[in-house]
Amino acid sequence: MPDYKSIRHALHEHPQTAGNEQFAHDTIVRHLQTLHPDKVYTNVGGYGVIAVWGKNPQAPTVAFRADTDALPIGHRCGHDGHTTILLRLAELIDEKFSILNSQFSILLLWQPAEETGTGSRAVLDSGILQQYDIRAIYGLHNLPSYPLGTVVLCPHTFAAASTGVVYRLDGRETHASTPELGVNPGLAVSEIINMFDAFNGHDGEFRQSTLICVRLGEPAFGTSAGHAEVMFTLRAFTNDAMERLLADANAAVDAIAARRKLTASRSLVEPFRATENNPVCVKAIEKAAHDMPLDVVYKDIPNRWSEDFAEYLLEFPGAMFGIGSGEHQPELHHPSYDFPDALVEPAAKLFFCLASQRASS
């Protein structure tokens, strides 16, 4: 695959973070210009691209999504590979679409800004996807530590819900010699940290609280602290569990603040919903993988990290799955991570098998 290897390497050498993916956008558009989709949308939700094979927007449609953005340390999550997989899929569709059901459409989506959790919502807000009768939407993520090409299925949740939360505690400064005349949030911060540590555990459902940052007062030794910020990342495996965890966290902070005579406020940072798969779509992936054939493993415990593919699953049936990128690969976001080129072809063909299933159903 010299062409796709060179495309993937070009993307890898030009990493652009969320909201800045113009190189990937232009690379995708140039490649699509050599093919024959019936419709191409550019600059979708920022630097997103959508290509559609099929002339009837009301026809049953199957959609496939790849993410295009990089991390600040470069393409260390494999999105360059995901982008290339969908480009290879575009070529397979272009070669064989005429032999598929003519009353059927295929939609390919290259989505920006996955890492910040904002890209999928921006694409949905464009209104383009809602113009099509999407019966299923599929996405994948490469997974180190699994053999190359192994399909990793999660029957329910693929990736956890998570959100950053910033709690601000406002009291009142006073002279350091008379701290009793002020309202210092320091002890409240200590209580909150201890309380949030108690949220960790399962007790029937996975809940996780990770302390991220604490800011308390100023380095002015004549002044008692009057303000603080304490930041956590919260995680759960379902959207309902996440709502309960966030409600419990907010109630705990409010109670501590009231007892300490502080004013509490909060804001969420990069909230991700849980990627809750449709079981019928998971079974379709399993069948396509066996037809390839590719090895399949089921993972009963969801991935703890999050994916903004979840937003599509709130509107359309679909599923996300993993595909092994090698047992000896470093973990995702490791400075040395590099997507394996040998994964492009089997992953693209697996997507094409899913499209063929839908066309024949």
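Axes here are lines fitted to C-alpha atoms, for helices over the stretch in contact, and angles run from 0 to 180 degrees between N-to-C directions. With that in hand, welcome to a predicted model, in which local features need pLDDT of at least 70, side-chain atom pairs count only at pLDDT 80 or more, and totals for chains, interfaces and linings use all residues. Residues are numbered from 1 along each chain as its sequence is written, and side-chain values use heavy atoms, with hydrogens and water left out. Helices (H or I, at least four residues) and strands (E, at least two) are DSSP runs, numbered from the N terminus.

**The eight-stranded sheet**

- An open sheet of 8 strands runs in the order S1-S2-S4-S3-S5-S16-S6-S15, and its pairing is mixed; two strands pair if DSSP finds at least two bridges between them.
- Its edges are strand S1 (39-44) and strand S15 (296-298), each of which pairs on one side only.
- From one strand to the next, the twist averages 25°.
- Strand S5 (residues 133-143) and strand S16 (residues 318-324) are parallel partners over 7 bridges, and Asn142 stands opposite Ile323 in S16.
- Helix H2 (residues 22-32) packs on this sheet, where it touches S1, strand S2 (48-53) and strand S4 (105-111), with its direction at about 20° to that of S2.
- H3 packs on the sheet too, touching S2, strand S3 (60-67), S4 and S5, and its direction makes about 160° with that of S4.

**The four-stranded sheet**

- Here 4 strands form an open, antiparallel sheet in the order S10-S12-S8-S13.
- Strand S10 (207-216) and strand S13 (263-272) are the edge strands, each pairing on one side only.
- The twist averages 20° from one strand to the next.
- Strand S8 (residues 161-170) pairs with S13 in the antiparallel sense over 8 bridges, and Gly164 stands opposite Val269 in S13.
- Helix H5 (residues 186-197) lies across S8, S10 and strand S12 (227-236), running at about 10° to S12.
- Helix H6 (residues 239-259) packs on the sheet and touches S8, S10, S12 and S13, its direction making about 10° with that of S8.

**Helices H7 and H9**

- The axes of helix H7 (residues 279-291) and helix H9 (residues 344-360) come within 9 Å and cross at roughly 115°.
- Contact means heavy atoms within 4.5 Å; residues of H7 including Cys281, Ala284 and Ile285 meet residues of H9 including Leu350, Cys353 and Leu354.
- By class, this contact of H7 with H9 has 8 nonpolar, 1 polar and 3 charged residues, where Ala, Val, Leu, Ile, Met, Phe, Trp, Tyr, Cys and Pro count as nonpolar, Asp, Glu, Lys and Arg as charged, and the others, Gly among them, as polar.

**Cores and buried residues**

- A nonpolar core is a set of buried Ala, Val, Leu, Ile, Met, Phe, Trp, Tyr and Cys residues joined through side-chain atoms within 4.5 Å; buried means under 20% relative accessible area, exposed over 50%, partly exposed in between (1.4 Å probe, protein chains only).
- The largest nonpolar core has 53 residues, and those with the most contacts inside it are Phe64, Ile106, Leu108, Trp110, Tyr138 and Phe351.
- H9 gives the most to this core, with 9 residues.
- Apart from that core lies another, of 25 residues, among them Leu169, Val189, Leu234 and Leu245.
- Ala347 sits in helix H9 and counts as buried because its relative accessibility is 0%.
- Leaving aside neighbours within four places in sequence, Ala347 is in contact with Ile85, Leu140 and Ile323.
- Thr84 belongs to helix H3 (residues 79-96) and is likewise buried, at 0% relative accessibility.
- Beyond its neighbours within four places in sequence, Thr84 is in contact with Tyr4, Ile7, Arg8, Leu11 and Val344.
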